[in-house]
Amino acid sequence: MATPEPLKPRAVDWVARARGVAPAIAAESDRTERGGRVTDTVMAAMHGAELYRLCLPRSMGGGEASPAELVGVVETVAAADASTAWCLGQALGCSLSAAFLAPDVAREIFGAPDAVCAWGPVNKASRAVPADGGWRLGGRWSYASGIRNASWLGAHYFETGPDGTQLLNAEGRPCIRTFLFPAQSATVEPVWDTMGLRGTGSDDYAVDDLFVPEGRSFLRDHAPDRREDGPLYRIALTAFYGIAFAGVALGIARAALDDFVALAAAKTASYSTGAMRESTAVQADVALAEGHLGASRAFMLEMADEAWHTLGRGDALDLDRRARLRIACAYASARAREVVAMAYHRAGATAIHAKNPFERRFRDMNTVAQQVQAAPSNFENAGKALLGLDPLGQV
């Protein structure tokens, strides 16, 4: 394969755009949580800033974002409201589909200024039967963050051979076929009742014998299906979500730490005559928290940037680079969780009241930490790779 041409500099400051809409996101955060969906006001502001187009190909007028841009935008939004950032990060992963579709199909799905796609993880019980000109799709999928604001949905299916045997790609991983269809084609089942990230409305959805044209399906991470060869579209979808969701965690933690620093300057701790910030224990905790955030963010961006440039040269990511990127993303989420826990516990009784910011950030952070991109298994599989053992294709 020929080496891709160097990417042209971007004229858009995407992080500045995110900062511009952050006040509106924060102002609507209570309504987002209560309503179980990002509010229309916020969606209009984000579409106005084109944030949902951040990862679309430049050939479609998109941002084709670098890792630093992706993390910076998602962090900024997460500091204002974690649910909104989670929905954005999830939809940006969906928008990578545009690079695997024929240009006219990509424009049909992602061309509208307010286009949003949502999907959930693969469901082993789903079914897809080849039909004349496409597929007949059936099944139920879960965790479709942002589905209430989506215009299109995606569904993933473990592709099988004629005898029902699961097909594997050249790397020994299951072949996953993605189908895209209008949101109104599915039945949404409201099941999202959680501790945190309540505003994502990550409900279930189902279709029964739905015809999906061949052109609206592709094999995930499959080079022959890829029509855009920039590094963003050569990175595995799981790695993309690892970067994006670590950005959500870091944004929550950054806001929690900043809020605690402000509180420590104003609050007098129980059984004390001085401000909390005069406590040497608080001083040490704040310094360590700052170190955790800065170090883990820098490590993640270093590994993501290395992957970006490796893929941009036309080279594949070797096992060692994939393992280190996986470690960096999971590590950032783990350190962010510790920072939020510190801020919550050091804030004392102030933290338990919903009117203060700590309570929601604690719930949201601990919900972020439960998803697969932050799971301890990431360290186990990456450790196997670093030790020369077979990680079973999970890195």
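Predicted model: local features only at pLDDT ≥ 70, side-chain atom pairs only at ≥ 80, totals over all residues.
Which residues does Ala 246 touch, once neighbours within four places in sequence are set aside? They are Tyr 241, Met 300, Cys 329, Ala 332 and Ser 333. Val 12 is 234 residues away from Ala 246 along the chain, and the C-alpha atoms of the two are separated by 23 Å.

## The nonpolar core

The largest nonpolar core has 118 residues. Leu 51, Phe 181, Phe 240 and Phe 260 are the members that touch the most other members.

Not counting residues up to four places away in sequence, Phe 260 touches Met 276, Val 282, Val 286, Met 342, Ala 343, Arg 346, Ala 347 and Phe 358. One of these contacts, Phe 358, will come up again with helix H10.

## Helix H7 with helix H9

Now for the helix pairs. Two packed helices are described by the angle between their axes and the distance between the axes. Helix H9 covers residues 319-346, and its axis is 8 Å from that of H7, at an angle of about 20°. Are H7 and H9 roughly parallel or roughly antiparallel? An angle under 35 degrees counts as roughly parallel, and H7 and H9 are therefore roughly parallel to each other.

H7 passes H9 in a left-handed crossing. In the contact of H7 with H9, 19 residues are nonpolar, three are polar and two are charged.

## Helix H7 with helix H10

Helix H10 is made of residues 357-368. Its axis and that of H7 come within 10 Å, crossing at roughly 155°. Angles over 145 degrees count as roughly antiparallel, and H7 and H10 are therefore roughly antiparallel to each other. Here, too, the crossing is left-handed.

Which residues of H7 take part in the meeting with H10? They are Phe 245, Val 248, Ala 249, Ile 252, Ala 255, Ala 256, Asp 259, Phe 260 and Leu 263. On the H10 side, the partners are Pro 357, Phe 358, Arg 361, Asp 364, Met 365 and Val 368. By class, the contact of H7 with H10 holds 12 nonpolar residues, no polar ones and three charged ones.

## Helix H4 and Leu 70

Helix H4 spans residues 67-80. The axes of H4 and H7 come within 7 Å and cross at roughly 40°. That makes H4 oblique to H7. How is the crossing of H4 and H7 turned, left-handed or right-handed? It is right-handed. From H4, the residues in this meeting are Leu 70, Val 71, Val 74, Glu 75, Ala 78 and Ala 79. From H7 come Phe 240, Ile 243, Ala 244, Gly 247, Val 248, Leu 250, Gly 251, Ile 252 and Ala 255. The contact of H4 with H7 divides into 12 nonpolar, two polar and one charged residues.

Leu 70 sits in helix H4 and is buried, with a relative accessible area of 4%. Leaving aside neighbours within four places in sequence, Leu 70 is in contact with Leu 54, Cys 55, Ala 65, Leu 92, Phe 240, Ile 243 and Ala 244. Phe 179 is 109 residues from Leu 70 in sequence, and their C-alpha atoms are 25 Å apart in space.

## Two residues with positive phi

Finally, look at two backbone angles. Tyr 143, in strand E3 (residues 134-144), has a phi near 60°, which is a positive value in a residue other than glycine. Is Tyr 143 buried or exposed? With 52% relative accessibility, Tyr 143 counts as exposed.

Leu 197 also has a positive phi, near 50°, and is a residue other than glycine. Leu 197 lies in the loop between strand E6 (187-189) and strand E7 (203-213). At 3% relative accessibility, Leu 197 counts as buried.

Definitions and conventions
Residues numbered from 1 in each chain as written. Heavy atoms only, no water. Core = buried A, V, L, I, M, F, W, Y, C linked by side-chain atoms within 4.5 Å. Buried < 20%, exposed > 50% of the residue type's maximum accessible area, 1.4 Å probe, protein only. Contact = heavy atoms within 4.5 Å. Axes fitted to C-alpha atoms, helices over the stretch in contact; angles between N-to-C directions. Helix = DSSP H or I, 4+ residues; strand = E, 2+ residues; numbered from the N terminus. Parallel < 35°, antiparallel > 145°, perpendicular 65-115°, else oblique. Left-handed = near helix turned anticlockwise from the far one by under 90°. Nonpolar A, V, L, I, M, F, W, Y, C, P; charged D, E, K, R; others polar.
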